[in-house]
Amino acid sequence: MSEFTRFINQSRLFSRDEEHRLKILKAISTYDDKVDQMKISQFRDWQQARGYASKIKQYVLDHLPTLLEEFEEKISARGAEVLWARDKKEAQKYFLDIAKRHQAKRVVKSKSMTTEEIEFNELCEDNDIDVIESDLGELIVQLAGEKPYHIVTPAMHKSKAEIGHLFQESLGAPETDDAEELTMIAREHLRKTYVTSDIGVTGANFIVAHEGALVMTENEGNGRLTMSCPPVHIAIVGIEKVLPRLSDLSLFLPLLATSGTGQQVTGYNSIIKGPRQEGELDGPEKMYIILLDNGRSELYTKHEFRDILCCIRCGACLNACPVYRTIGGHTYHTPYQGPVGSVITPQFRGMNHWSHLSFASSLCAACSSVCPVHIDIHQLLLENRWEAHQEGKTGFSWNTGLKIWSWVMSSRGRLNTMSTLGHIVYRWFLPFLSRSKRKRIPKIPKRSFEKLWNDYEQQI
Amino acid sequence: MVSLFIPCLVDQIYPEIGIDMAKCLDYFGYQIVYDRQQTCCGQPAFNAGHRDEARKVATKFIDVFKSSDVIVCPSGSCTAMVKNYYPLLFSDHSLLDTVQELGTKVFEFSEFLISENLVQKIQGSYSGKVGFHNSCHSQRELGIDLEPQKILQKIDDLELIQPQGESVCCGFGGLFSFKFDEISAAMARTRLEMFTSLGVDTIVTNDPGCLMHMRQESIARHYELKLLHLTELLAQALKL
């Protein structure tokens, strides 16, 4: 089945699923309330904060190569090893080499979208390495045999009762739908794995060039344990995640927390500047940072798409998107869903199979209006559509249809002829349509405005 | 002298919206011109990624309107196309200067009434519980926020009831509603229910696209709702 057919089928199912729609709307409206409140209570001027964040990210784009090199130099000086992965394959190879070197049998992993991007869990399964998700949401989807539903809240689509049932079945826990009890079950299951794992794998929310640091924000403390308990820490990070200086976090941490979850800052914020240093009591003995390109450099060279590399993966555009709210995260069938996913997936994976995502938007611009770093996401969807058309991926019927349309619309005479013809076709064919189809078609009047104007003009 | 910019959807499907807009402008004392050579702004092709086709239709639009003083349109979306996207469409083109100037002369209907301080002149009544649906392009592309509501608030007997927060898309999106019809229809239901849950009996919008989409969904799903364009409601209230 093609990705497009798959998308259409799934989106139809979800569009009809009233229960799903209400569940997601409820989850997102709680989020909306918190975000609205936080924007006012935490920022004197949210719009100005967005503008400032966008300026910093633009600076990063202007200096990306040198900032990345500075990061490598600084963090390497403290014993971390930086590896540059051109694509998914190279990132996978780096990981397998490290796993082999350290004879790893078990890996604990915190939430990271780059690991989704390189299909990390599948890679481990194929190579007989146990991989355990330590983020509660990720653990839930892993146990359910699913993919993350949302880049920030992977199990947004699961009710507490569903999670309770899942824990009962897969972990043998007593059934409950109490949030605190559920968290305790997960904690008990996970605590052991931190000390028995050979490698801890994480992503990063930011990497800081000037001070050579890795920054992780989270709410469960699992990320901190994942990177510090096992003897080896691997961070897999997209090359666009750089910030120039540590002081930039004073804006970006609250910005990300506000847009991501409606919090002032997240519960745990870790700044890591390397593996365990001499004389230190804890932390991993070895630390590797895999800097993942996987299509980002190519986007970087496209002037009109460069801005999307400012994205800090807060998920605000997903929550704001009325299409995402209707069809849910799994319908996209990509690691990155919603508006940002619809921009980058066709760019990363090719228009051939993925251009439909750029068209599956009403261009309402809610995404652009909530983006904390001011990316005009909906305009990038338009750019994707234009690129898809240039690459010949818009299909014969649309191409022909719009050619004829533009021929008709560039002459009033031709439009009038088509209008008369159209009205006749409408009158003749309407009775052949089913009742429900007929209701979907508006009544087409016999006389267009251009014709009615004659009568009206005489009245005034 | 005000030039009427009649979107293709109004021209072909809802001519009464255009007539009502003309009546309202006449009521406020404006001289109106309508150039019958106009067809469409080209947005359907532009949004579908067919920029050459869009440019062809837009060139026709520019030709019709280039010497107008003020252009008023009953659609935020079509206005935004001319104002915000023509400069992109003609970025490497000899018409760029003309297009940029054109952008400063085109106004969405409610935006025009507010900028001309005409709200004080409204004297009319409409009895009903009215909710206003701001089109996405009017809100986010043109930055029109409370202007239409100010117009509605001036009408006697009209009880304005608004869902909280920014406007949410009705799901129309032009060709999107054909290509992804079920997503689009579900989005319309979500939007309609934001109003029905508050007891609204009339939804007013400033875009013929949103109007058509919500109206058909409302008919198909038997919602007890009246859907009107802002120009229609105003003409009714002013008894034009």
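The legends below describe close-up views of a predicted model.

Residues are numbered from 1 along each chain as its sequence is written, and chains are lettered from A in the order in which they are written. Local features need pLDDT of at least 70, side-chain atom pairs count only at pLDDT 80 or more, totals for chains, interfaces and linings use all residues, and side-chain values use heavy atoms, without hydrogens and water.

**View 1. Confidence of the complex.** The predictor assigns an ipTM of 0.96 and a pTM of 0.96. Chain B has an average pLDDT of 96, and 100% of its residues score at least 70. pLDDT is the predictor's confidence in each residue, from 0 to 100.

**View 2. The largest nonpolar core has 102 residues.** Such a core joins buried Ala, Val, Leu, Ile, Met, Phe, Trp, Tyr and Cys residues through side-chain atoms within 4.5 Å. Buried means under 20% relative accessible area, exposed over 50%, partly exposed in between (1.4 Å probe, protein chains only). Among the residues with the most contacts inside this core are A:Phe206, A:Phe252, B:Phe5 and B:Tyr86. Helix α4 (residues 51–65) of chain B gives the largest share, seven residues. A second, separate core has 56 residues, including B:Val10 and B:Cys170.

**View 3. Surroundings of A:Phe206.** Contact means heavy atoms within 4.5 Å. Beyond four places in sequence, A:Phe206 touches residues including A:Val215, A:Leu243, A:Phe252 and A:Ile312.

**View 4. Helix α1 (residues 3–16) of chain A.** Helices (H or I, at least four residues) and strands (E, at least two) are DSSP runs, numbered from the N terminus. α1(A) reaches 20 Å from first to last C-alpha, close to the 20 Å expected at 1.5 Å a residue; the expected span is 1.5 Å times one less than the number of residues. A:Glu3, A:Phe7, A:Ile8, A:Ser11, A:Phe14 and A:Ser15 are buried. They cover an arc of only 140 degrees around the axis, so they lie on the same side of α1(A). The arc is taken from the directions from helix axis to C-beta atoms. The face turned away from the buried side carries exposed A:Leu13 and A:Arg16. Packing partners of the buried residues include α2 (18–42) of chain A and α11 (181–196) of chain B.

**View 5. An open sheet of four strands in chain A.** The order is β8-β5-β6-β9, with mixed pairing. Two strands pair if DSSP finds at least two bridges between them. Strands β8 (242–243) and β9 (268–272) are the edges. Five bridges join β6 (residues 213–218) to antiparallel β9(A). A:Val215 stands opposite A:Ile271.
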